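This report describes selected secondary-structure packing and pairing features of one model. Please consult the sequence and structure shown below while reading.

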Amino acid sequence: MPIKYVPFIPEPIEGQAVLGNFNRILKYKGADDVSMTLRRGMPLYEMEKQETVGENADGNMVIRGECVSACAYLKEKGIQVDLVYIDPPFASGADYAKKVYIRRNPKVAEAIAQAEQELDIDELKAFEEKMYGDVWDKEKYLNWMYENLMAIKSIMSETASIYVHLDWHIGHYVKILMDEVFGEDNFRNEIIWAYRRWSARSSIFQNSHDVIYWYTKNEEYNWNQTYEKYADNGAHFTEKDENGEYRWQYLNGKKYKLYKKDGTRTKDWWDDIPYINSMANERIDYATQKPEALLERIIKASSNEGMLVADFFGGSGVTAAVASKLGQRFIHCDIGLNSIQTTRDRLKANGAEFDVLEIKDGVQLYRNPVQTMDKIKSLIPGLKNEDSLDSFWEGAVSDSKLGTVPVYVPNLADSSSKLLDKVMMNRIIHQAIPELDGNIKKVIVYYIDITDKDEILQFIDEDDSTTVEIELRDLKTVLDDVIIGDYAEFHTEECHDDLFGGYAVVIDKFMSDRVISKIDEFNQKAFLNSSAKKPYKPIEISKDGLELIEFLSVDCTAAEGEWHSDSEIKIDKNGYVIANGTKTKKFWNEQIRCDKKPLRLKIRNICGDETVWAVM
């Protein structure tokens, strides 16, 4: 349960675009889902500090949790942000996956090297794991975005800007949404980011741009003029002055004096920033990664050194990384564990200082909400798809006496559905249940949080509009039973050589049931899809399983509580070691060294699960 609810800004801008056209307002018994949620406020949960990297005097944060809950925490702490960039889901209908690479096993390195010469490395050593599904009903997406935008606005400083990055799928709807939240008068630019991508066969013009909507909170806002470099092509020539600096340009046969040697003022059409796939030095295998140059332009234009820059759908961590490099403070927030780990490692390598925090809202049970939702059908006994049911219901179970029993499960990617309160129960009783077949006698309603179970049960009893039995169940009790940690065998050695000294924790064996199950699933699909032209090439794991390790860290400071990474090693997809943020061309030697006696060991597997062991 939330500690309490923190108020949003009371009302959106009056007299602006009305969203009734999108059926945002659900009318049943006079209730209005979204406005009721806004009146209740943002849920404030306990925030747990996982790790501090460096001294972090500036209070930089990497937060695992949802946007609305993060904003509740910031508002409660009186923290205001000066610039927001968000790259939320585009409602594109696409699934995004992370490519998971098997690492080199230091004990069988020669055998792996030989295999790589004979087989396709990617097919042998990698498989994909779903990160999140960008599949939304339009109205639900807009309701969700409305809450997020209202939450973000509530913690923006008076001179702050917000940039919302979208594409053609939903951008035009969100533009109207932002007119209502921030006001049409505070709209500054629709920025087109045009880029080159590999062309694909289709019967339409190639999609090659995104849109970025820039709004400010008020008429006065932070602004620094930025410039684009002059193009040196047949339509645009420049002439240098006696100091060798560009001072004149010729355009259409006429000579013009340049007012700025840095280039021309930046247009709202950005075609000089390449797509990330063409930037090998930046790519970190994150599906929705954006180039640093894009964020550098935005951050330089709308903030100054020392200001606070926030990204509440942080993804690969590009906003935090660029803000840190430019001397700005930063907040990175994302609900996916892979995003938090990717950003944490990226910032660490850049020498940034920050706290890693987690919102304890009861849904951080897997690496991301999609994985949890995918697991639910196997965790709830008897739950199956039922095509005759509305999408409101996750499926149904069969009962010998009652027949089909529809099951509702909250969407963990949507913060508004996590809390079971009178508003949600009113919707279930007066909208969802009446749309069911008349033979339905019972429904099961799962919840993550509930305002007051006795109060909700009383609300159900006092409502005489349905005879359908409603059973309430706590989803957390189902999910908690399946959390399985990884297994490791290791020993500690005291080092006496002149070069290193200190201690070494040597990993003897490592196993992860979750990763092995993913590999088994991959191998089964590979076998079924194999042919003479594409022979079956299974991923095989050694007995000691060391190739399933991506990251190791030892804490020599504390035996419990907040983590202190006194020494760490990350193994990249090519098998090279990144030691305490420094890239090397060395392969891992199955151990991690530290100066002081280690108290705890943390190992992250290649899918992102982290497990901590006490070092005796």
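**Conventions**

Two strands are taken as paired if DSSP finds at least two bridges between them. Strands (E, at least two residues) and helices (H or I, at least four) are DSSP runs numbered from the N terminus.

The model is predicted: local features need pLDDT of at least 70, side-chain atom pairs count only at pLDDT 80 or more, and totals for chains, interfaces and linings use all residues. Residues are numbered from 1 along each chain as its sequence is written, and side-chain values use heavy atoms, with hydrogens and water left out.

Strands β29 (residues 567-571) and β30 (residues 576-579) run antiparallel and are joined by 3 bridges; K570 has I578 as its bridge partner in β30. This hairpin has 4 residues between its strands, and G575 takes a positive phi near 95°.

β30 is also joined by 3 bridges to β31 (residues 582-587), again in an antiparallel arrangement. Here I578 stands opposite K583. The hairpin of β30 and β31 has 2 residues between the strands, with N580 at a positive phi near 50°.

**The open sheet and its helices**

An open sheet of 10 strands shows mixed pairing in the order β3-β19-β4-β18-β17-β5-β8-β10-β9-β16. β3 (47-53) and β16 (269-270) are the edge strands, each with a single partner, so one side of each is left without a neighbour in the sheet. Within the sheet, β8 (residues 156-166) and β10 (residues 209-216) run antiparallel and share 6 bridges; H165 is paired with I212 of β10.

Helix α5 (residues 138-154) packs on the sheet, touching β5 (81-86) and β8, and its direction makes about 150° with that of β8. Contact means heavy atoms within 4.5 Å. Helix α7 (residues 292-302) lies across β5, β8, β9 (187-194), β10, β16 and β17 (308-311), running at about 155° to β5. Axes are lines fitted to C-alpha atoms, for helices over the stretch in contact, and angles run from 0 to 180 degrees between N-to-C directions.

**A helix pair**

The axes of α11 (residues 422-432) and α12 (residues 453-462) come within 10 Å and cross at roughly 30°. The two helices are therefore roughly parallel, a term for angles under 35 degrees. K422, M425, N426 and I429 in α11 meet E455, I456, F459 and I460 in α12. By class, this contact has 5 nonpolar, 1 polar and 2 charged residues; Ala, Val, Leu, Ile, Met, Phe, Trp, Tyr, Cys and Pro count as nonpolar, Asp, Glu, Lys and Arg as charged, and the others as polar.

Technical notes:
Parallel < 35°, antiparallel > 145°, perpendicular 65-115°, else oblique.
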